[in-house]
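Work through the exercises below with the sequence and the model at hand. Each task is followed by a solution in steps.

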Amino acid sequence: QKQFDFKKDGFNLNWLSLARSFDRPHALPGTIQAEDFHEGAYWDSTAGNRGNAYRATDVDIEPAADAGAGFNIGWIAAGEWQEYTIHVAAAGYYDFSARVASPNSGRTFRILVNGSDVSGTLNVPNTGGHQTWQTVTRSRIYLAAGTHRLRSVAVDAGFNLNWIAFVTSP
């Protein structure tokens, strides 16, 4: 590795670009921001980012009015999904939580790991608005150790997703 002395060695630099990588695995146990899905690993029913925030994809992302601010996925339609690369530190049972908001009742989604449904149907309650947040939890989901693909799939339309989390189950 060479150290440069800019005055002595001379150095030309045209441009430098740094970008966030969405392809790194998310460590579990831990929290995953919904908008940090794997690059190109999503299906959205409409073109363009309706929230016009955070990333240039077709997934609709907007600023979140939840504690901690940040962003959330909104304008969710039935069948839409986002995928995340995860790394599970140790095989075992985990409690899954998701931060959701909806002015509608009867909305649902599922969590798949490597294509297998690990959560069953998760209900999104009527929280009173698209920016009125509540946490839903499913206990004792078994995850094998190692690197996997996690997919969040909307069964129904009409809710927002801020983050998902896995903590070791007692």
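Two residues are in contact when they have heavy atoms within 4.5 Å of each other. The model is predicted, so local features need pLDDT of at least 70, side-chain atom pairs count only at pLDDT 80 or more, and totals for chains, interfaces and linings use all residues. Residues are numbered from 1 along each chain as its sequence is written, and side-chain values use heavy atoms, with hydrogens and water left out.

**Exercise 1. Elements**

Task: State how many helices and strands the protein has, and their order along the sequence.

Solution. Step 1: take helices (H or I, at least four residues) and strands (E, at least two) as DSSP runs, numbered from the N terminus. Step 2: the count is 1 helix and 13 strands. Step 3: along the sequence the pattern reads α-β-β-β-β-β-β-β-β-β-β-β-β-β. Step 4: of the contacts between residues at least 6 apart in sequence, 70% join residues at least 24 apart.

**Exercise 2. The nonpolar core**

Task: Find which residues touch the most other members of the largest nonpolar core, and list the contacts of F96.

Solution. Step 1: buried means under 20% relative accessible area, exposed over 50%, and partly exposed in between (1.4 Å probe, protein chains only). Buried residues make up 44% of the 170 residues. Step 2: a nonpolar core is a set of buried Ala, Val, Leu, Ile, Met, Phe, Trp, Tyr and Cys residues joined through side-chain atoms within 4.5 Å. Step 3: the largest such core has 29 residues, and Y84, F96 and F109 touch the most other members. The strands that each supply at least two of its residues include β6 (81–88), β8 (107–113) and β13 (160–168); β7 gives the most, with 4 residues. Step 4: leaving aside neighbours within four places in sequence, F96 contacts F109, I111, L122, V136, T137, R138, I141, I164, A165 and F166.

**Exercise 3. A residue of β12**

Task: Decide whether L150 is buried or exposed, and list its contacts.

Solution. Step 1: L150 lies in strand β12. Step 2: L150 counts as buried because its relative accessibility is 0%. Step 3: with neighbours within four places in sequence left aside, its contacts are Q82, E83, Y84, I86, I111, L112, V113, I164 and F166. Step 4: L150 and D117 are 33 residues apart in sequence and 9.7 Å apart in space, C-alpha to C-alpha.

**Exercise 4. Backbone exceptions**

Task: Locate the cis peptide bond and describe the positive phi values of A69 and N114.

Solution. Step 1: most residues other than glycine have a negative phi, and most peptide bonds are trans. Step 2: the cis bond joins L28 and P29, with omega about 10°; P29 sits in the loop between β1 (26–28) and β2 (30–33). Step 3: A69 has phi near 55° and belongs to the loop between β4 (61–63) and β5 (71–73). A69 is partly exposed, because its relative accessibility is 41%. Step 4: phi of N114 is about 50°, and N114 is in the loop between β8 and β9 (116–117). N114 is partly exposed too, since its relative accessible area is 48%.
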